[in-house]
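Here is a short briefing on one protein model. Take a look at the structure before reading on.

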Amino acid sequence: MTDDVNSPSKWDENYKQGTDGWDLGGPTPIFKRFILSRQLIPGRMIVLGAGRGHDAREFARHGFQVTAVDFASQAVQEMRRLATPDAPTEILQHDIFTLPESFNDSFDYVLEYTCFCAIDPKRRAEYADLVTRLLKPNGIYIDLAFPLDGRKGGPPFAVSATEILNLDSVRRGGSQDQLNVFAQIWEKVKRQFDRIECRFSTNLVNGNVI
Ligand SMILES: C[S@@+](CC[C@H](N)C(=O)[O-])C[C@H]1O[C@@H](n2cnc3c(N)ncnc32)[C@H](O)[C@@H]1O
C-alpha cells in the first residue's frame with residue numbers, strides 16, 4: 001500500500017478497506033439544500049474527485065449535465081454500480097490534473113467536496129489552473145471547503161476559505177465587487193451549514209461557494 005496521495009492506489013485501498021470516512025452514503029446535505037434553493041440554473045458541471053458519485057448523481061437528477069471524475073478504480077466501479085437512469089452522469093476514470101484540453105472552457109460549474117483537501121498541497125496552484133481552464137468564462141466554482149481547522153499533515157490537508165476565495169478570484173481576475181458577492185454567498189451557505197448534521201459535524205463547519 002502507498003500513502004502517496006498522487007497515486008490512485010492509495011485511494012483504492014481506502015475504498016477497499018472501508019477507511020473512507022468522507023463518504024456520507026448519499027449526497028452531501030448542503031448540496032441537496034443548494035439545489036432545492038434553485039440558486040443555480042442547471043448547466044454543464046464537472047465533479048472533481050467524485051468518489052462514489054453521490055453528489056454528481058444528485059445534481060444530474062436535478063437537470064445538470066454532469067461529468068464525474070475520479071482516478072481510483074474502486075470509486076469508479078462503485079459509481080458505475082450506483083448509476084441510475086434518472087441521474088445520467090458521464091463517469092470518467094482519470095487524473096484530474098491531466099484532463100484533456102478538449103474540456104477547456106466547457107463547464108458552467110466545477111464542483112468539489114473533499115478533493116481539494118485530498119490532493120498534495122504543493123499542487124494547489126496547479127489545481128487553480130485546472131479549475132480556471134475547465135470553467136466557461138462566466139462559470140462558477142463550487143467548493144465545500146473542509147477541513148478548516150488548521151491541522152498539520154493529511155489527507156485531509158487543512159484548507160482555508162480565504163485561500164480558496166483568493167485562489168479562484170485572483171486566477172479569474174475577479175473584481176472586489178465579485179469577491180464581496182462570493183463572500184456574501186459563502187456567509188449564507190455557512191449559516192445553513194451550521195444547521196446540518198453530518199458525520200464530520202465537529203470539523204465541517206464552513207462551506208463556501210465561489
Ligand atoms: C476524500 S475523497 C472524496 C470523494 C467524494 N468527493 C466524496 O465526497 O465522497 C477524495 C477523492 O478524490 C480522488 N482523487 C484524489 N486525487 C485525485 C486526482 N488527482 N485525480 C482524480 N481523482 C483524485 C480520490 O480517488 C478520492 O475518491
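Two residues count as in contact if their C-beta atoms, placed from the backbone, lie within 7 Å. With that in hand, take the contacts in the protein between residues at least 6 apart in sequence: 65% of them join residues at least 24 apart. Keep in mind that this is a predicted model.

**Overall build**
- The protein has seven helices and six strands.
- Starting at the N terminus, the elements follow the order α-α-β-α-β-α-β-β-α-β-α-α-β.
- The protein has 210 residues, and buried residues make up 37% of them.

**Helices H2 and H3**
- Two packed helices are described by the angle between their axes and the distance between the axes.
- Helix H2 covers residues 29–36, and helix H3 covers residues 54–61.
- Their axes come within 10 Å and cross at roughly 10°.
- Angles under 35 degrees count as roughly parallel, so H2 is roughly parallel to H3.
- The crossing of H2 and H3 is right-handed.
- On the H2 side, Phe31, Lys32 and Ile35 make the contact.
- On the H3 side, the contact is made by Asp55, Glu58 and Phe59.
- By type, the residues of this H2–H3 contact split into three nonpolar, three charged and no polar.

**Around the ligand**
- The ligand is surrounded by 20 residues.
- The closest are Trp11, Gly49, Gly51, Phe71 and Ala72.
- The shell around the ligand holds 13 nonpolar, three polar and four charged residues.

Key
Residues numbered from 1 in each chain as written. Predicted model: local features only at pLDDT ≥ 70, side-chain atom pairs only at ≥ 80, totals over all residues. Axes fitted to C-alpha atoms, helices over the stretch in contact; angles between N-to-C directions. Helix = DSSP H or I, 4+ residues; strand = E, 2+ residues; numbered from the N terminus. Parallel < 35°, antiparallel > 145°, perpendicular 65-115°, else oblique. Left-handed = near helix turned anticlockwise from the far one by under 90°. Nonpolar A, V, L, I, M, F, W, Y, C, P; charged D, E, K, R; others polar. Near = placed C-beta within 6 Å. Buried ≥ 20, exposed ≤ 12 C-beta atoms within 10 Å, placed from the backbone.
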